[in-house]
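Subject: Structure handover

Hello,

Here is the structure I promised to pass on. Please open it before you read the rest.

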Amino acid sequence: MKTKYKTIFGPVPSRRFGRSLGVDLVPFKTCSLDCVFCQLGRTTDKTITRKEYILLQSVLEELTDWLDSEGTADYITLSGSGEPTLHSRFGEVLQFITSKTKIPSVLLTNGTLFYLPEVREAAAHADVVKISISVWDQTYFQHVNRPHPKLDFDKIVEGIRLFRNEHHGKIWIEVFLIDGVNTIPADVERIAQLIEGVRPDRIHLNTAVRPPAEDFVTALSNRELNKLAPLFHPTAEVIADFHADLTSHGQFNENAIVAMLQRRPCTAEQISKAFGMHLNETFKYLGDLLRTNQVMEVKKNQNKFYCVKKTKREQSAHQ
Ligand code: SF4
């Protein structure tokens with residue numbers, strides 16, 4: 001097994017998917033949306049152009065190498081740095097996974113391109129398709145998801161409904177709730193009603209447990225999420241990862257990141273580079289470290305740096 005891949009990463013621990021091998025099909029922050037809650041920061045390439053961003057051949061070569069080296073995971077997930085359905089050949093990646101391994105495949109998507117029959121056809125090759133829907137109309141779509149100007153919310157929802165009718169595999173919906181933005185019960189009911197029309201197999205509620213793109217985005221508590229869950233049909237499951245759920249490997253990585261930040265503040269990109277980790281994985285660790293108050297964010301020249309929080313004792317020792 002190669003130690004460093006360009007398009008596959010992990011397996012990373014995930015509450016929904018156990019140990020999940022990620023396959024990243026687009027360059028960093030290439031997305032049709034620019035969600036205010038995105039844990040990867042603001043979108044740098046907002047597009048609806050579908051093309052072969054990463055050569056299919058190189059993705060398949062990496063997957064082959066990983067599988068031949070007896071790589072194990074609970075799921076193989078198309079996810080990562082942006083919207084995977086923008087890759088014009090993502091369906092072929094899914095078909096390849098199905099033909100080469102029994103590990104189930106997952107497509108994590110924002111669903112914005114499901115109005116295109118070719119996207120629905122390609123997505124149908126996934127064992128699980130998980131689609132995010134967190135608003136109920138175009139106005140809120142613009143406010144929360146900041147879409148590409150050519151995207152129309154009703155057309156997207158219609159595309160997702162069509163997909164449900166055509167596809168017999170599992171469809172899960174994830175709703176991202178932002179305190180004070182889409183969380184008053186009447187609004188949550190609107191989202192719930194819209195999702196009911198899609199007839200998903202499962203519904204997941206998530207909130208900003210990792211650093212979001214915009215500072216005004218704040219998380220709901222676990223209790224608040226559990227209170228809203230019965231408004232959905234079927235009743236939603238709260239999947240917001242409030243507690244670190246780390247393997248010993250994950251714990252090792254967290255400790256190593258803290259040790260590095262003790263020496264000097266770093267950006268997420270620098271941490272990724274230093275540990276040979278995908279940015280997604282880095283943000284997962286940083287989210288846990290921020291939540292447990294071990295590190296803090298400092299903004300400098302438009303960049304976000306992470307550094308270790310000093311105790312009062314340490315601060316006075318340096319004065
Ligand atoms: S959360 Fe997903 S859909 Fe939204 S901007 Fe980030 S990558 Fe794109």
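Below is what was found, from the overall fold down to single residues.

**Overall fold**

Please keep in mind that this is a predicted model. The protein chain has 11 helices and 12 strands. Its C-alpha atoms fill a box of roughly 65 × 50 × 35 Å along the principal axes. The radius of gyration is 20 Å. A compact globule with 319 residues would have a value near 20 Å, so the two agree. Buried residues account for 53% of the 319 residues. Take the contacts in the chain with a separation of 6 or more: 71% of them join residues 24 or more positions apart.

**Domains**

The chain is divided in two: domain 1 covers 8–238 and domain 2 covers 248–314. Their centres, taken over C-alpha atoms, are 26 Å apart. Domain 1 puts 17 residues into the contact, and domain 2 puts in 14 residues.

**Cores**

In soluble globular proteins, nonpolar side chains tend to be buried together. Here the largest nonpolar core has 94 residues. L63 and F232 have the most contacts inside it. Helix α1 (residues 56–68) gives the largest share of this core, with 6 residues.

F232 deserves a look on screen. Beyond its neighbours within four places in sequence, F232 is in contact with V175, V188, I191, A192, I195, I203 and L205. There is also a second, separate core of 5 residues. Among its members are F17, V106, V128 and W172.

**Helix α2**

Next, helix α2, which spans residues 90–100. Its buried residues are F90, G91, V93, L94, F96 and I97. What covers them? The cover includes α1, β5 (75–78), β6 (105–109) and α3 (117–123).

**Ligand shell**

Which residues are around the ligand? They are K29, C31, L33, D34, C35, F37, C38, T43 and N110. By class, the shell holds 5 nonpolar, 2 polar and 2 charged residues.

**T282**

T282 sits in helix α10 (residues 279–291). Is T282 buried or exposed? T282 is buried, because its relative accessible area is 0% and the cut-off for buried is under 20%. Leaving out neighbours within four places in sequence, T282 touches A268, I271, S272 and M277. For a distance across the model, take T282 and L55. They are 227 residues apart along the chain, and their C-alpha atoms are separated by 25 Å.

**Backbone points to check**

- P234 lies in the loop between α7 (222–228) and β10 (237–238).
- E70: phi is positive, about 55°, although E70 is not a glycine. E70 is in the loop between α1 and β5. E70 counts as exposed because its relative accessible area is 67%, and exposed means over 50%.
- R146: phi is near 40°, again a positive value in a residue other than glycine. R146 lies in the loop between α4 (138–145) and α5 (153–166). With 23% relative accessibility, R146 counts as partly exposed.

**In short**

T282 is buried in helix α10.

Best wishes

Technical notes
Residues are numbered from 1 along each chain as its sequence is written. This is a predicted model: local features need pLDDT of at least 70, side-chain atom pairs count only at pLDDT 80 or more; totals for chains, interfaces and linings use all residues. Side-chain values use heavy atoms; hydrogens and water are left out. Helices (H or I, at least four residues) and strands (E, at least two) are DSSP runs, numbered from the N terminus. Buried means under 20% relative accessible area, exposed over 50%, partly exposed in between (1.4 Å probe, protein chains only). Contact means heavy atoms within 4.5 Å. A nonpolar core is a set of buried Ala, Val, Leu, Ile, Met, Phe, Trp, Tyr and Cys residues joined through side-chain atoms within 4.5 Å. A residue is near a molecule or strand if one of its heavy atoms lies within 4 Å of it. Ala, Val, Leu, Ile, Met, Phe, Trp, Tyr, Cys and Pro count as nonpolar, Asp, Glu, Lys and Arg as charged, and the others, Gly among them, as polar. The radius of gyration is taken over C-alpha atoms; the globule rule is 2.2 Å times the number of residues to the power 0.38. Domain bounds come from an automatic or database domain assignment.
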